[in-house]
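Please look at the structure first.

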Amino acid sequence: MTVMAYVPDTPPPTRWEFRMDRDALEAPRILLYHDITLGGRVSPREAARRLRSHLEHLAMAGYRFASVDDLLRGHLGPHDAVVTFDDASRSFADIALPMLGALGAPVAVFALSGLAGRADAAAVSMSWRELRECSARGVHVGCHAATHVPLDEVPAERMRAEITSATRRFEEEGLNPTTFAYPFGRYDDAVKAAVRDAGYSAAFTVMRGGADVFEIRRRLLSGGEGPLQLGFELSDRFFETRDAVRRFVPRRFLLQERPIARGRWGAGGFGLSPDPAEGATDVGEGR
Ligand SMILES: [Zn+2]
């Protein structure tokens, strides 16, 4: 089944060349995990067991693991699963990456420039060196902005600085990200435009969106979903049902589009104070 209506073997599309329809975006399963130890509330051993059971479920259900590049080239169908991780947490590097590597499964990781270089964040975040190593091994390394603020809420100036300063840092570190993941999955037209203007060819969100390649929807998973729930999250009806549920169920009862770890926004909810080098001013408590 052709999922995206453009010719294969062409470079990833820009917004001007192509608009994906919502159904097309939903056809390949695009999964999003964060820190699978949930900020230390789940032991590394248990987190590994949970992730392994998810990957086994996917394989047994007939899904093929595919890459972001395949996705953007429109090569994927409904039996393809793209695994992505936001925040480049330690548990991604130490648990998920070796496991996915052993399976030969492609993976994408979206990192924060404001965390990757910080010595005091080494316990929660991958370093630039690790991200470079990942990239050299074929992991798709994308940008997740600088300090994990909701880009649709901060002043426009700050929003653009979050995107451009992060992009510049990635480039200084020898990484050239082509895709972007919105912190908390949050964006509006101005944020989309800023990401496009910064040179990105696609951007990922969570749950909502789906109109074009700058709002690719992902299915948010904590890692703790059992087989039944995972089956639902992978189903064709998932987004539809989810949208309906959202209309009636208060937000606080739903798994939020935010990092699992709690804390102030300044450093992505990782319990770290903002990095002054990022020029970031704290904008308030996370919800
Ligand atoms: Zn994040």
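**Reading the model, feature by feature**

Q: Is Arg218 buried or exposed?

A: Arg218 is buried, because 23 other C-beta atoms lie within 10 Å. A residue is called buried if 20 or more other C-beta atoms lie within 10 Å of its own, exposed if 12 or fewer, and partly exposed in between, with C-beta atoms placed from the backbone.

Q: What kind of model is this, and how are residues numbered?

A: The model is predicted: local features need pLDDT of at least 70, side-chain atom pairs count only at pLDDT 80 or more, and totals for chains, interfaces and linings use all residues. Residues are numbered from 1 along each chain as its sequence is written.

Q: Where does Arg218 lie?

A: Helices (H or I, at least four residues) and strands (E, at least two) are DSSP runs, numbered from the N terminus. Arg218 lies in the loop between strand S7 (202–204) and strand S8 (219–220). The protein has ten helices and eight strands.

Q: Which residues does Arg218 touch?

A: Two residues are in contact if their C-beta atoms, placed from the backbone, lie within 7 Å. Leaving out residues up to four places away in sequence, Arg218 touches Ile30, Leu31, Leu32, Thr84, Phe204 and Val206. Distance along the chain and distance in space are separate matters: Arg218 and Gly185 are 33 residues apart in sequence, and their C-alpha atoms are 9.0 Å apart.

Q: What share of the contacts in the protein joins residues at least 24 apart?

A: Among contacts between residues at least 6 apart in sequence, the share is 65%. As for burial, 47% of the 287 residues count as buried.

Q: How do I read strand pairing, and which strands pair with S3?

A: Two strands pair if DSSP finds at least two bridges between them. Strand S1 (residues 29–33) pairs with S3 in the parallel sense over five bridges, and Tyr33 has Phe85 of S3 as its bridge partner. Strand S2 (residues 64–66) is also parallel to S3, over three bridges; here Arg64 is partnered by Asp80 of S3. S3 pairs in the parallel sense with strand S4 (residues 108–111) as well, over three bridges, and the partner of Thr84 in S4 is Ala108.

Q: Why is strand S3 (residues 80–86) called largely enclosed?

A: Six of its seven residues are buried, so S3 is largely enclosed by the rest of the structure. S4 has both faces covered: Ala108 and Phe110 on one side, and Val109 and Ala111 on the other, are all buried.

Q: What is a nonpolar core, and which residues of the largest one touch the most other members?

A: A nonpolar core is a set of buried Ala, Val, Leu, Ile, Met, Phe, Trp, Tyr and Cys residues joined through C-beta atoms within 7 Å. The largest one has 71 residues, of which Val109, Ala111 and Ala203 touch the most other members. H2 supplies the largest share of this core, five residues. Not counting residues up to four places away in sequence, Val109 touches Phe85, Ala88, Phe92, Cys134, Val139 and Val141.

Q: How do I read the crossing of helix H2 (residues 44–60) and helix H4 (residues 90–103)?

A: Axes are lines fitted to C-alpha atoms, for helices over the stretch in contact, and angles run from 0 to 180 degrees between N-to-C directions. The axes of H2 and H4 come within 10 Å and cross at roughly 35 degrees. The contact includes Pro44, Ala47 and Leu51 of H2 and Ser91, Ile95 and Met99 of H4. By class, this contact has nine nonpolar, one polar and two charged residues; Ala, Val, Leu, Ile, Met, Phe, Trp, Tyr, Cys and Pro count as nonpolar, Asp, Glu, Lys and Arg as charged, and the others, Gly among them, as polar.

Q: What should I make of phi, and what is its value at Leu38 and Ala145?

A: Most residues other than glycine have a negative phi. Phi of Leu38 is near 50 degrees, a positive value, and phi of Ala145 is near 70 degrees, also positive. Leu38 is in the loop between S1 and H2 and is partly exposed, with 17 other C-beta atoms within 10 Å. Ala145 is in the loop between strand S5 (140–143) and H7 and is buried, with 29 other C-beta atoms within 10 Å.
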